[in-house]
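Hi,

Here is the structure I said I would pass on. Have a look at it first, and my notes on charges and contacts follow below.

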Amino acid sequence: MEYIEHSIELQEGQIFHIETGRLARQADGAVVLRVKDTMLLATVVAERNIDPDIDFLPLSVDYKENYSSTGKIPGGFFKRDGKLNEHEILISRIVDRSIRPLFPEDYHANIQVIISLISADKEVQPDALACVAASAAICVSDIPFPDPVSTVRVTYKDGKYHINPTYTEMENVLLDLMIAGTNDSIVMVEGEMNEVSESVMMEAFRFAHEYIKKLNGFQLELRKLVNKKPREYPRIPFDPELYAKLKELVGQRVASVCEEFLPKQQRSQKFEALHQEALNTFLSPTDPPERRKQINEYFEKLKSEIMRSMILDKGIRLDGRRTDEIRDIWCEVGFLPRSHGSAIFTRGETQSLTTVTLGTKLDEQTIDYATIQGSKRFMLQYNFPAFSTGEVKPLRAPGRREIGHGNLAERALKNLVPEDNEYTIRVVSEILESNGSSSMATVCAGTLALMDAGIQIKRPASGIAMGLIIEGDRYAILSDILGDEDHLGDMDFKVAGTKNGLTACQMDIKVRGLSFEILAKALEQAKKGRLYILEKMLETISEPRPELSVFAPRIVKFEIPADSIGAVIGPGGKVVQEIQRQTGATIVIEEVNGVGVVSVSSPNKDSLDAARNWIKGITAEPVIGDTYLAKVKNIREAGAFCEFLPGKDGWLHISEISHERLESIEDVIKVGDTFNVKLVGLDPKTKKFRLSKKALEPPLKNEKPNNKSKSSSPYSSGSSTSHTKNQGGNRPPSRR
């Protein structure tokens, strides 16, 4: 292939530059997309030999960010790029969901798309460019792909929409959407919002689509420059006679099963029996593999036609509901007594058991990707075991679907946690039953579990999945879709939010030319469904519990002088480790804006108080005239060094021990002795604190008494009580 390059200015200062024919020339298609210093290499290869038994599109998409693109060396023992992390998997899913519906329905070749970030600009976000690069790579190949597709990021801030903002411009946005589309319609949406209205989202769709069409036109121009003819591939011609026979054999019984309104498992079993009857009738042992595939496709086509006609003609669905009805809902909170928060949310045949666990700053998740570094204090994880759909599969690590669904639910809830929340929060959703939109059930169960845990969320949120059946000018929007309606329908539009507005969404469609009018109606119908579900949830628990679980850690934060941090930590962390060992509390110390911030956590109040008092004792400023409990650390001929506050020593002269004259100090005190002393001064030369024991004792006869000063420090008790300190270390025991 000859070297070709092409450019377009999407908006002022944002130039898309694509070149092909220089790198990865043995791939079916390869491009390098560059925006400023961010460069993506996208390649695509499709096998020419197509397995006739495959009745789906075996497409795989992998997006990979090379650490070298940012001038970093990977961590870990091997110091090399590893498997895809969650960030890369989520972008891979966005690209996959954007391009998958645009391949011809009868094209079932094994296709692999790989997008590699090979150079990263500090301000250009590469995730919004990945789909454009992948689509362009397919466009310069001979793989059949009728229409290009492009993705843009759109944000909303200060009443204005922005396309592909920089990392810096992402701060405080109210809406963050990745939107993919063809020239005709929107095909994929993924993102989060901060309780915005449906009208704001619809305007974001329209705003983004204008830029999407520019990028699609850019790809079409590139395709013309390359001028490759699409490859031929084996097609199984439609056999109207076979389809008519199959319809005659099982069509009426398929319709009867649809109208029996059976539970999912029973309906599936009856459909499978009819499917097997069709195979036994029309498939002989001598038929080629294509015949079985053809019968399978025709049976699915028949099911789809009957189900869709039932909805469009009668307004009735597989479970007997009308198009806008929600399945029965029941909820329960506090189901697990030892969890910090738990909830069950059941909607029809979809059920989530969700738990909330509260942790400290030490439990934060560290993020160390090629382009993203930091930490997460709110984590939502979604698990989908095989038994939830009545299947048998080995337990494995979460797959891409689980990661994607968990991320969607996390985005729906994370912004509802108060900014001043001190806890690391882990939410885990275990899907126990699944028949439609378990991710939105996770949003509902997650909200309930957070409230059960006593997290004072801003407002509760709920979620719903919307479907669509469209035939020509007729269409029906479906609320709270079933699994079959997702599989046989034309849209899966998941929407989550509070009563005030939307917080997250995800949309995939399977048809071309979906109008903005239908999208707007789907959002409005989704709002009614969301609020109905939310009302049912609030019947179980109407507001967050006022107190945390007794098993959850309590956290107190307080400030100390920055120059006292070292004293609290101690040499090699010796002091802080001793505090944690003796009290059982967890302590985190950091310097923020020139001030030491101490976070002490423990589920036990006595442990919490002991650690806090110990640290405050270390950082307390001695007050002259106050009384302290001193411990003899070292004895000299002229006196003794005594620790009167943790880490603070004072000099007790022999003359200040007793009103009587002492010949030897060791006659009256020994190392380790403890007694009350009064802080009487600070030596101006040595800067040592001067202590007196006799100042607290009654004077001898004929001796004039000293005036005792009253305590003014929260860490001393004046003349009536004294500071106490554990003799085994630097920890004050609990007060009695």
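S658 counts as buried because its relative accessibility is 18%, where buried means under 20% relative accessible area, exposed over 50%, and partly exposed in between (1.4 Å probe, protein chains only). You'll find S658 in the loop between β27 (648-653) and β28 (674-682); helices (H or I, at least four residues) and strands (E, at least two) are DSSP runs, numbered from the N terminus. A polar atom of the S658 side chain lies 3.1 Å from the backbone nitrogen of E660.

Before you go further: this is a predicted model, in which local features need pLDDT of at least 70 and side-chain atom pairs count only at pLDDT 80 or more, while totals for chains, interfaces and linings use all residues. Residues are numbered from 1 along each chain as its sequence is written, and side-chain values use heavy atoms, with hydrogens and water left out.

Now the salt bridges. The structure holds 51 of them, each being a side-chain nitrogen of Lys or Arg within 4 Å of a carboxyl oxygen of Asp or Glu.

- E364 pairs with R377, with the closest N and O atoms 3.4 Å apart. E364 sits in the loop between β13 (350-359) and β14 (365-368) and R377 in the loop between β15 (373-376) and β16 (378-383), so this bridge ties together parts that are 13 residues apart in sequence. E364 counts as buried at 15% relative accessibility, whereas R377 is partly exposed at 32%.
- R291 pairs with D287, the closest N and O atoms being 3.8 Å apart. R291 is partly exposed, with a relative accessible area of 22%, and D287 is partly exposed at 26%.
- E232 bridges to R235, with 3.7 Å between the closest N and O atoms. E232 is exposed at 64% relative accessibility, while R235 is partly exposed at 46%.

There is also a network: salt bridges with shared partners join D127, R153, D176, E192, R411 and K414.

Which residues form the negative surface patch? They are D51, D53, D55, E290 and E297. Patches take residues with over 30% relative accessible area and no salt bridge, and join like charges within 9 Å (nonpolar side chains, namely Val, Leu, Ile, Met, Phe, Trp and Tyr, within 5 Å).

Cheers

Notes: Accessible areas come from the Shrake-Rupley method with a 1.4 Å probe; for residues, only the protein chains shown count as cover. Lys and Arg count as positive and Asp and Glu as negative; His and the chain ends are not counted. The place of a charge is taken as NZ of Lys, CZ of Arg, CG of Asp or CD of Glu. A polar contact is a pair of N or O atoms within 3.5 Å; within protein, one must be able to donate a hydrogen and the other to accept it, and residues adjacent in sequence count only if both atoms are side-chain atoms.
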